[in-house]
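Here's a quick briefing to read alongside the model. Have the sequence and the 3D view open, and follow along.

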Amino acid sequence: MDGAGQARNSPYHTGEVEVQRRAGVREEAERVGRIVSPTLTGPAARLMAGHRLAVAASLDETSRVWASLLTGPAGFLRPVDERLMLIASHPRPADPLAINLKERSELGLLAIDLATRRRLRFNGRALHDPAHGIFLTVEQVYGNCQKYIQARHLELEDAGPEAAPPQHRSSVLNDRQRALVAAADTLFIASHHPRGGADASHRGGAPGFARPLDGRTIAFGDYAGNNMFNTLGNLAAQPRAGLLFLDFEIGGTLQLTGRARLDWNPETVAAYRGAQGVVVVFEIEAILETRGAGVRGRLVERSPANP
């Protein structure tokens with residue numbers, strides 16, 4: 001296949017290709033990229049049936065990227081046909097997702113089962129229907145490996161979309177929020193690229209893998225994964241990103257939006273155990289903390305893949 005043909009058929013945009021080349025995994029990434037499907041296959045539909053938690057990536061009117069939590073009973077994610085899925089859940093009124101989906105908008109969705117460590121990614125365009133939930137027209141569907149997912153037993157809060165739990169908005173992490181980040185073993189990151197669309201992904205590790213460097217900056221090392229580098233490729237080309245931390249003790253969420261950069265300096269990387277060549281440095285622009293009415297989780301087992 002010539003270069004032009006490969007570019008046309010590749011599922012990757014230039015940012016992803018740049019990071020793959022820098023990591024020396026370009027050919028492997030093309031092979032792995034064959035798992036990306038434009039339709040909801042039978043195996044994907046069966047996996048969706050057991051999920052109760054998903055993270056959505058969306059853009060607000062100023063192109064800031066947000067990561068938002070969506071939950072529901074098993075079966076709340078279900079296919080309508082091979083290109084359309086229903087997320088039978090509603091964003092809370094104060095969540096940026098509620099406004100971001102008023103028109104047919106780009107949406108990335110990560111469906112993750114923390115108990116079984118299974119996860120699926122969906123990218124496409126979505127619209128919120130107040131009567132049913134969120135309809136997502138899929139453009140890309142694929143699974144991810146189980147690495148770095150901490151096994152947890154979940155307890156979903158039984159609260160409707162009209163519930164208004166306490167919220168706090170700011171632009172600087174307070175002491176409690178910094179402690180939550182420093183103790184986290186799980187985070188979710190939202191990113192975006194004009195070709196690939198919005199994307200939601202998971203990051204995990206031992207407590208302390210994500211570090212609040214100060215009230216406006218968080219950093220974490222990137223661990224070895226499937227070598228597709230979707231998130232890092234997005235960030236290499238488009239620095240806007242969103243982070244989501246879950247407070248499994250009280251069922252709270254900490255949503256951050258800002259800009260991320262990739263630090264390839266070997267001295268920086270060496271300070272993050274297990275990091276594979278790069279550290280993500282996230283600069284905060286806005287914070288939305290919601291205390292309660294989320295998802296609680298009891299730790300069952302940390303991932304054996306954690307560095």
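Aspartate 60 counts as buried, with 13% relative accessibility (buried means under 20% relative accessible area, exposed over 50%, partly exposed in between, using a 1.4 Å probe and protein chains only). This is a predicted model, where local features need pLDDT of at least 70, side-chain atom pairs count only at pLDDT 80 or more, and totals for chains, interfaces and linings use all residues. Residues are numbered from 1 along each chain as its sequence is written, and side-chain values use heavy atoms, leaving out hydrogens and water.

**Around aspartate 60**
- You'll find aspartate 60 in the loop between strand E1 (53-59) and strand E2 (65-71); helices (H or I, at least four residues) and strands (E, at least two) are DSSP runs, numbered from the N terminus.
- Leaving aside neighbours within four places in sequence, aspartate 60 is in contact with Trp66 and Asn100 (contact means heavy atoms within 4.5 Å).

**The largest nonpolar core**
- This core has 29 residues, and Ile218, Leu243, Phe245 and Leu256 touch the most other members; a nonpolar core is a set of buried Ala, Val, Leu, Ile, Met, Phe, Trp, Tyr and Cys residues joined through side-chain atoms within 4.5 Å.
- Elements giving two or more residues to this core include helix H6 (175-183) and strand E14 (240-247).
- Apart from this core lies another, of 22 residues, including Ala44 and Leu109.

**Helix H2**
- In helix H2 (residues 14-23), the buried residues are Gly15, Glu16, Val17, Val19 and Gln20.
- Their cover includes helix H3 (26-32), H7 and E15.
- Just after H2, glycine 24 takes a positive phi of about 75°.
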